[in-house]
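Let's take a walk through this structure, one spot at a time. Have a look at it first, and then we'll go through some of its helices and loops.

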Amino acid sequence: MHHPRMLILRRLSAGIDGLNDAIGVTIRWLTLVMVLIGATSAILRYFSRGLGMSMNLTPLVEGQWYAFSVIFLMGAAYGLNKDVHVRVDVMFERLSARTRAIIDLVGTVVCLVPFSIAMLWLSFPAVRNSWSIGETSPDPGGLPRYPIKALILVSFGLLLLQAVSHIIKQVETMRDNVDPEAGTSHLPMPAVDGAVADVPNERDDA
Amino acid sequence: MSDLWGPMMFCVTLGLIFTGYPVAFVLGGSALAFALVGHVFNQFDLFFLFAMPERTFGTMSNYTLLAVPFFIFMGTVLEKSKLAEQLLETIGALFGGFRGGLAVGVVVVGALLAAATGVVGASVTAMGLISLPVMLRNSYNKELSLGVISASGTLGQIIPPSIVLIVLGDQMGVSVGDLFRAALMPGLVLTGAYVVYVFGLAFLDKNVAPALPLELRSTGLTLLRQVILSLLPPLTLIVVVLGSIFAGVATPTEAGALGAVGAMVLAALNRQLNMTTLKAAMEETSRLTIMVVFLLIGSTMFALVFRGFDGDIWIEEMLTGIPGGALGFLIVVNLVVFILGFFIDFFEIAFIIVPLIVPPAVVLGVDLVSLGILLAVNLQTSFLTPPFGFSLFYLRGVTPRNIETTAIYRGVIPFIAIQVVVLAFLGWMALPTT
């Protein structure tokens with residue numbers, strides 16, 4: 001009943017989820033890094049002012065928002081997988097699993113994927129330009145700009161990947177929630193007898 | 001014909017948000033679709049879209065928004081270090097001897113938690129779990145107990161350092177420090193009004209909120225020790241964080257970073273700084289950061305395309321043309337925000353609606369800081385109003401089944417009335433002085 005093609009897709013989806021989850025649990029440490037850099041720069045600024053010294057805090061100040069940027073740019077796809085992105089759920093939470101899967105599938109295909117492609121297309125020239133001139137911060141002691149700008153592309157690339165995984169999972173949810181035979185026939189099937197209809201989909205214990 | 005694109009885009013996008021698909025991507029996708037269709041009909045110049053990379057980069061390097069993850073980190077660490085639990089026990093013991101004391105304790109702890117964490121859901125949940133059983137066991141009136149918990153737990157919206165105010169400051173282009181300063185008074189007035197209401201009620205009817213029997217109170221040195229141990233550390237943190245902002249020594253962003261470190265120090269003193277606490281704080285902070293910033297990126301795309309269709313001009317003409325000038329504007333805007341607040345989260349309102357109402361407010365001479373405070377109190381009221389208020393859901397989630405939902409609704413009504421009075425006063429303050 002299940003084509004090997006389905007198995008490959010399922011593995012692909014699990015692989016993408018695994019990649020983005022690994023990224024997600026790594027980048028969360030940057031919140032702590034960000035807090036420590038922020039506090040250090042606040043204290044140094046206070047004391048350097050009090051002592052009448054001038055201290056170049058640009059690397060610290062920029063380091064803060066670099067960490068901030070890495071968190072949300074690299075974490076966006078992880079967030080999609082963990083359903084972090086806020087929904088207006090007045091209606092959504094009352095819907096059946098199948099209807100939700102349809103909404104998620106359609107939304108991903110008509111909103112998320114085109115938006116991500118557009119962001120890649122729009123940002124590419126700016127990033128290429130920044131990269132080719134080796135753009136750095138305009139402030140003395142500032143950090144190089146081109147790597148962090150390139151992360152915009154990485155971010156929407158990862159989102160596109162996660163969208164693929166999302167689509168595979170939603171299609172599966174839709175199939176699982178109609179009836180187990182839906183995989184072989186798309187015709188509406190009369191409910192035969194409970195015993196057959198209740199047989200769960202074979203799990204691929206891969 | 002061409003005037004219809006803006007209104008159409010606004011209505012369609014708002015409708016699509018209600019499908020329940022993540023708002024950030026609905027905004028981005030819908031804006032893109034309208035841009036392409038508008039381009040085909042020669043109504044939209046795709047050149048507008050090329051501002052997106054620069055805008056995204058602007059969000060990445062936004063110094064004000066950095067304060068949001070800092071305060072979330074601080075709040076989560078404090079929450080995981082059992083701050084709310086200890087505060088509730090201590091304050092309960094301190095005030096429990098008076099009639100209405102437990103309920104006043106809830107108000108005071110709600111205000112303290114608001115100043116320390118600013119995360120609404122957490123405060124309502126903690127107080128619903130800890131204070132509600134104590135109050136009910138001591139034959140407190142059910143409605144009063146439920147109402148005081150939801151109202152006090154929601155104070156974090158207005159009492160600084162509120163995340164709501166940080167985001168509003170960023171979106172309205174006013175200083176977050178100014179907003180914090182301006183919010184302090186209304187926050188304290190609300191807190192005070194709740195206290196007066198509870199004590200008044202307990203004074204008039206001795207069965208509503210009876211005093212705790214003597215054997216349940218700790219007294220003397222034990223109590224003093226308890227107070228110092230649990231109250232002083234978070235109070236110090238609050239004073240240092242807010243004090244440094246108000247004194248102009250630190251920016252809200254710096255104060256947030258220091259507060260987060262301070263929260264870790266407090267947790268360590270409480271022997272609660274372990275891997276579980278830290279991981280929870282890091283996970284919560286990164287998730288909220290991802291959510292908020294991507295919502296902002298989606299909203300930016302929406303705003304760019306909406307401007308391309310002159311939608312902002314449509315909104316401005318509509319809002320400045322309301323009869324009654326500034327007063328009419330404030331009434332309409334507040335009604336819209338109040339109703340939207342039932343269904344959509346604060347962040348969506350801040351990123352989609354607020355940028356649109358700032359230009360007409362400026363035209364009409366409305367003071368932006370006062371408008372920001374007004375919106376924050378308004379949303380707080382919206383969060384409390386049955387049947388959709390978010391705080392009521394949080395409380396419902398932690399109350400026993402035998403307490404009916406309508407009791408929660410009846411309980412919050414007096415507190416909503418108090419807020420409406422404060423809201424009207426703030427609205428009057430926001431009117432241009434002529």
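Start with helix α3 of chain B, residues 52–60, where B:M52, B:P53, B:T56, B:F57, B:T59 and B:M60 are buried. Here, buried means under 20% relative accessible area, exposed means over 50%, and partly exposed is in between, using a 1.4 Å probe and protein chains only. Helices are DSSP runs of H or I with at least four residues, numbered from the N terminus. Look down the axis of α3(B) and you'll find its buried residues within an arc of 155 degrees, so they line one face of the helix. That arc is taken from the directions that run from the helix axis to the C-beta atoms.

What do the buried residues of α3(B) pack against? From chain A there are α3 (58–81), α5 (97–132) and α6 (146–176), and from chain B there is α13 (275–308). Contact here means heavy atoms within 4.5 Å.

Before going on, a word on the ground rules. This is a predicted model, in which local features need pLDDT of at least 70 and side-chain atom pairs count only at pLDDT 80 or more, while totals for chains, interfaces and linings use all residues. Residues are numbered from 1 along each chain as its sequence is written, chains are lettered from A and ligands numbered from 1 in the order in which they are written, and side-chain values use heavy atoms, leaving out hydrogens and water.

Now for a pair of helices. Two packed helices are described by the angle between their axes and the distance between the axes. In chain B, α10 (residues 176–204) and α17 (residues 368–384) pack at about 40 degrees, with axes 9 Å apart. That makes α10(B) oblique to α17(B); angles under 35 degrees count as roughly parallel, over 145 as roughly antiparallel, 65 to 115 as roughly perpendicular, and the rest as oblique. On the α10(B) side, the residues that meet α17(B) include B:L179, B:P186 and B:Y194, and among their partners in α17(B) are B:V369 and B:I373. By class, this contact has eight nonpolar, two polar and one charged residues.

Finally, some loops. Between α8 (142–153) and α9 (163–172) of chain B sits B:P161, joined to B:P160 by a cis peptide bond with omega about 0 degrees. A:D83 isn't a glycine, yet it has a positive phi of about 55 degrees. A:D83 lies in the loop between α3 and α4 (89–92) of chain A and is partly exposed, at 46% relative accessible area.

Notes. Axes are lines fitted to C-alpha atoms, for helices over the stretch in contact, and angles run from 0 to 180 degrees between N-to-C directions. Helices (H or I, at least four residues) and strands (E, at least two) are DSSP runs, numbered from the N terminus. Ala, Val, Leu, Ile, Met, Phe, Trp, Tyr, Cys and Pro count as nonpolar, Asp, Glu, Lys and Arg as charged, and the others, Gly among them, as polar.
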